[in-house]
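Morning, everyone. I have one model to walk you through, so let's get it on the screen.

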Amino acid sequence: MTTISAGPTLGDAWATGRNNFNLIRLVAAWLVIHGHAWAITGSAGGDLVATLTGIKFAGALAVDMFFVISGFLIAASLERNSARGYLLARALRILPALVACVGLSVLVLGPLLTTDPGYWRSPLTWDYLWVNASLWSSRYFLPGVFEGLPNAAINGSLWTLPVEARLYLALLGASLLGMLAPRRYVPAWALAMGAACAFVLLRRPLPEHLANYTWCTAFFITGTLLWVLRDRVRLSPWPLLGLLALAAATRGTPAFVPAYFLLACYGTLWLGLAPALPRIRETDLSYGLYLYGWPAAQLVQSVAPGGPWHNTLWATLLAGGLAAMSWFAIERPALRLKRRLVAGGSAAT
């Protein structure tokens with residue numbers, strides 16, 4: 001397979017130990033808050049990303065970037081850990097903070113704000129707690145909470161986490177079958193992408209949940225593809241500029257979708273590994289910001305309703321404080337435990 005262009009390979013850049021993934025994930029988590037502000041405030045229109053792309057708003061772009069990064073980094077984690085260590089590392093990274101967030105929503109936020117006198121007796125309350133905390137699926141509503149707002153969801157961002165957990169398990173299965181060698185993974189990836197395209201064309205328009213699963217899976221497995229081919233794919237600004245030009249030229253046409261996909265995949269890893277951006281080495285608030293961004297925005301809308309930028313500002317401040325609490329009280333101790341229990345564990349993944 002030929003290289004993309006002159007420049008260091010993904011593998012070379014990764015081997016330096018320097019990357020911008022924590023910073024990118026932090027910015028992406030903020031984009032989720034900003035992008036959701038229109039739905040939460042019930043405002044017409046959308047953010048700049050929605051205007052530029054016509055198919056994705058800021059939060060959706062951020063999710064695509066998350067899944068590209070995840071496919072790349074989780075494949076790296078799988079390569080250096082045993083199956084047991086891999087599963088333990090993934091569980092310690094995701095579950096403690098998630099359980100705390102869901103628990104606070106059900107046991108603190110809900111009782112304080114509900115207008116339903118049967119809140120504690122309602123099966124919906126405990127279904128929300130169990131289903132979201134276990135990563136089994138996603139539930140969005142608690143009895144009598146946020147019912148007067150434009151959107152009554154408690155935390156509309158949680159849907160991505162069960163999808164990601166299933167992709168972790170699928171990747172483990174692929175590894176155990178010996179599929180992560182280039183000669184096996186590349187044709188399997190091509191077959192999966194071809195099947196996904198055929199499915200989309202035959203079933204269009206897809207229901208939202210199927211469209212979300214399809215997009216997330218495509219970005220994740222392509223992130224893994226770039227890890228598998230890390231010694232053959234090169235980092236250069238020229239392919240990035242070419243993809244930007246292609247996206248601009250095809251905007252508003254069906255060809256924009258693959259152009260956007262290629263730009264999001266290559267551009268995310270280029271940003272993660274090529275430029276010398278400010279580094280976040282230890283304090284990674286991105287996951288906490290993602291978890292608390294939506295409920296923080298709902299609280300802002302409840303107490304001090306306003307437009308999208310008003311909501312974004314105050315939700316960012318509130319969610320940032322909660323994210324810091326999550327990091328120092330829950331996530332960082334869990335990562336330290338991960339390093340002790342899992343050989344090769346890393347806070348970056």
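Start at alanine 315, which is found in helix α13, residues 308-341. Helices here are DSSP runs of H or I, at least four residues, numbered from the N terminus. A word on the source: this is a predicted model, where local features need pLDDT of at least 70, side-chain atom pairs count only at pLDDT 80 or more, and totals for chains, interfaces and linings use all residues. Residues are numbered from 1 along each chain as its sequence is written, and side-chain values use heavy atoms, with hydrogens and water left out.

Is alanine 315 buried or exposed? Buried, because its relative accessibility is 0%. Buried means under 20% relative accessible area, exposed means over 50%, and partly exposed is in between, with a 1.4 Å probe and protein chains only. What does alanine 315 touch, leaving aside neighbours within four places in sequence? The contacts are Ile33, Gly293, Ala296, Ala297, Val300 and Gly320. Contact means heavy atoms within 4.5 Å. Alanine 100 is 215 residues away along the chain, and its C-alpha atom is 19 Å from that of alanine 315.

Now the aromatics. Rings of Phe, Tyr and Trp (its six-membered ring) pair if their centres lie within 6.5 Å; planes under 30 degrees apart count as stacked, over 60 as edge-to-face and the rest as tilted. That rule gives 14 aromatic pairs. Take phenylalanine 21 and phenylalanine 72: the ring centres are 6.1 Å apart and the planes meet at 45°, so this pair is tilted. It links distant parts of the chain, 51 residues apart: phenylalanine 21 is in helix α2 (residues 21-41), phenylalanine 72 in helix α4 (residues 58-80). Phenylalanine 21 is buried at 1% relative accessibility. Phenylalanine 72 is buried too, at 0%.

Next pair: phenylalanine 256 and tyrosine 260, also tilted, at 6.3 Å centre to centre and 35° between planes. Why about one helical turn between them? Because they are four residues apart in helix α11, residues 256-273. Phenylalanine 256 is buried, at 6% relative accessible area. Tyrosine 260 is buried, at 6%.

Last, charges over rings. That needs NZ of Lys or CZ of Arg within 6 Å of the ring centre and within 35 degrees of the ring normal. Lysine 56 puts its charged end over the ring of tryptophan 215, 3.8 Å from the centre. Arginine 230 lies over the face of tryptophan 227, 3.9 Å from the ring centre.

Key:
Helices (H or I, at least four residues) and strands (E, at least two) are DSSP runs, numbered from the N terminus.
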